Amino acid sequence: MAEDEQINLKNIQNIMQDCAMSADVEKLLRDKGLSVNPPTADVEKTPADVEKPCADVEKASVDQDLAASAKEAGNAKYKEGAYREALTHYQQALELLPPDDTARRVPLLGNVAAAYLMLRRASDCCSVCEQVLALDPTSSKIRARLATAQLALGDFTASRTTLNEVKEDAALAAAAKQLGDTESSLAMADATLNKGEPAKALGLYADLETRVLFSYPGLSLKMGRCYLALKNYPRVLNTTQLVLRANPRNIDALVLRTEALYHNNTASIDSRQFTEPLEQGQKLLKEALSFDPDHSGAQALRKRLRQLCAKHVELKEAIDNRQFQQAQEILDTMIEVCPDNQMILANIYVQRAQVGVRLKDWRAVLKDVGQATYRNHDLVQPYILRAQALQNLDRFDDAVKELEGLFSWHREQTVYDKLQEAKFLLRKKKRANYYELLGVPSIASQLEIKKAYRERAAEWHPDKKGHLDEEAKKNAETMFKRIGEAYEVLTDPQKKELYDKGYDLEGIDEQIELKKRRTDGCGGQRCGGCG
């Protein structure tokens with residue numbers, strides 16, 4: 001008898017003795033020439049030695065029962081849609097089974113993979129499926145599940161390879177069809193985006209993300225491109241942040257995030273905040289180029305951002321030195337650098353209009369603010385600058401209309417004050433020029449005003465116009481009345497002061513009445529609330 005066989009038989013003999021094994025085992029020992037009840041004097045056994053084999057057998061049996069119960073609990077939770085809880089039960093069942101219990105572990109691992117897939121943890125699902133296939137390469141169900149998880153990650157090549165490794169059956173055929181349909185749908189969505197229909201493409205991508213490609217970073221970035229085209233820049237920043245959190249080396253995400261920062265730059269050109277997103281974008285692109293130095297998109301965008309930052313410094317220096325013509329030339333260069341960025345272009349044209357104000361080139365101001373509002377009609381400053389230019393071109397009615405339109409959707413105190421000022425200037429423009437009417441300068445003394453009044457009144461007195469036709473008589477009466485108004489206002493110190501400030505006759509009466517009400521309200525005494 002071989003030595004190993006003799007040792008094994010003796011082990012069986014000891015277990016039978018300790019655990020009261022069956023008659024078949026006893027017969028086996030006798031046939032081998034071994035005693036069923038060997039002398040106990042050879043090896044002295046402790047109570048623990050006697051109980052251990054029985055305890056191991058009992059524990060293995062109990063663990064199997066507990067594993068089966070955990071598996072059943074997991075199945076129940078899976079059917080309820082509680083996949084996270086189901087996964088916990090499956091993992092508990094696996095821990096209770098010995099590593100070499102392949103027959104029980106393979107189905108449980110398949111359940112774990114299914115739970116991971118339902119939880120959209122495609123990478124974990126792939127890992128578990130590969131474990132199962134290592135134990136049982138013939139499982140087409142697990143192979144199909146692996147292909148589905150690989151597809152969810154956007155790894156179309158790996159998914160196709162997985163499906164082609166064995167002969168086709170129903171499960172693999174369904175997975176292959178899903179793969180083909182997904183590739184076709186993705187190609188259609190890409191074509192839609194390339195045709196300039198980002199909203200429609202976004203819907204197609206979102207459907208793919210919901211159904212199949214839920215762990216595909218490339219799809220997230222495609223959707224980010226749609227958001228960029230739709231000018232939803234915060235959504236682009238959020239999308240790229242999630243992708244970069246999972247893979248900080250994703251070059252496409254770094255470039256897309258920089259584009260969002262570049263296009264979402266709403267700061268005015270003359271502010272310090274203008275360069276902040278541009279500098280942040282340069283850092284992202286520097287990181288991207290460290291991974292791929294030949295990335296043409298990253299190179300071109302980084303060059304553009306550096307040019308804008310450099311021109312921003314030159315512009316500030318030119319304005320501080322009151323070199324406004326040079327400032328306009330710098331702004332023109334900035335326009336050439338970023339022809340695709342409507343937000344920045346709008347702010348450049350606003351800055352150009354402000355430089356035009358300094359140069360008093362009012363027609364150029366009107367042209368520049370038109371360019372600014374065309375690109376971004378939400379800006380407020382262009383409308384205020386347009387009103388200022390219109391006033392300086394003696395188009396006071398148009399200036400009032402401009403500010404009324406602005407105040408209808410931007411009801412801020414500053415706009416209201418500008419509107420009241422424009423209305424005041426309009427009334428001032430339309431009022432009669434009393435100094436011109438009397439033929440005296442605005443610095444004329446009271447004696448000069450009275451003398452001029454007598455001369456003009458005598459000239460236009462209706463009694464001296466009786467020989468004229470009716471129309472000429474009416475004109476003479478109107479002139480005589482206006483001359484009287486001029487004399488009344490310019491010889492009253494309070495009215496003259498208000499007139500010199502720009503008030504017309506109606507405004508003068510309003511201000512006098514307002515002052516009277518304030519005085520009456522204080523009981524005739526000046527108080528802190530009175531001007």
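Select Val355 first: leaving aside neighbours within four places in sequence, Val355 is in contact (heavy atoms within 4.5 Å) with Phe324, Ala327, Gln328 and Leu331. The model on your screen is predicted, so local features need pLDDT of at least 70 and side-chain atom pairs count only at pLDDT 80 or more, while totals for chains, interfaces and linings use all residues. Residues are numbered from 1 along each chain as its sequence is written, and side-chain values use heavy atoms, with hydrogens and water left out.

**Around Val355**

Val355 lies in helix α17; helices here are DSSP runs of H or I with at least four residues, strands are runs of E with at least two, and both are numbered from the N terminus. Val355 is buried, with a relative accessible area of 2%, where buried means under 20% relative accessible area, exposed over 50% and partly exposed in between, using a 1.4 Å probe and protein chains only.

**Helices α16 and α17**

Next, select residues 324–337, which form helix α16, together with α17, residues 342–359. Two packed helices are described by the angle between their axes and the distance between the axes. The axes of α16 and α17 come within 10 Å and cross at roughly 165°; axes are lines fitted to C-alpha atoms, for helices over the stretch in contact, and angles run from 0 to 180 degrees between N-to-C directions. The two helices α16 and α17 are therefore roughly antiparallel to each other, a word used for angles over 145 degrees. Among the residues that meet here are Phe324, Leu331 and Ile335 in α16, and Leu345, Val355 and Leu359 in α17. By class, the residues of this contact divide into 10 nonpolar, 4 polar and 3 charged, where Ala, Val, Leu, Ile, Met, Phe, Trp, Tyr, Cys and Pro count as nonpolar, Asp, Glu, Lys and Arg as charged, and the others, Gly among them, as polar.

**Helix α19**

Move on to residues 381–392, helix α19, which has 12 residues and reaches 17 Å from its first C-alpha to its last. Of these 12 residues, 9 are buried, so α19 is largely enclosed by the rest of the structure. The buried residues include Tyr383, Ile384, Leu385 and Arg386, and the buried residues of α19 pack against α17, α18 (362–375), α20 (396–409) and α21 (413–430). Just after α19, select Asp394, which takes a positive phi of about 60°.

**Helices α12 and α13**

Now select residues 233–246 (α12) and 251–263 (α13), whose axes come within 9 Å and cross at roughly 155°. These helices, α12 and α13, are therefore roughly antiparallel to each other. The contact is made by residues including Tyr233, Val236 and Leu237 of α12 and Ala253, Leu254 and Leu256 of α13. This contact of α12 with α13 has 10 nonpolar, 3 polar and 1 charged residues.

**Glu209**

For the next stop, select Glu209, which is found in helix α10, residues 198–211. Glu209 is partly exposed, with a relative accessible area of 26%. Not counting residues up to four places away in sequence, Glu209 touches Arg120, Phe214, Leu219, Ser220 and Met223.

**The whole chain**

Finally, zoom out: the secondary structure of the protein chain comes to 26 helices and 0 strands, and buried residues make up 39% of its 531 residues.

Terms used: The expected span of a helix is 1.5 Å times one less than its number of residues. Angles under 35 degrees count as roughly parallel, over 145 as roughly antiparallel, 65 to 115 as roughly perpendicular and the rest as oblique.
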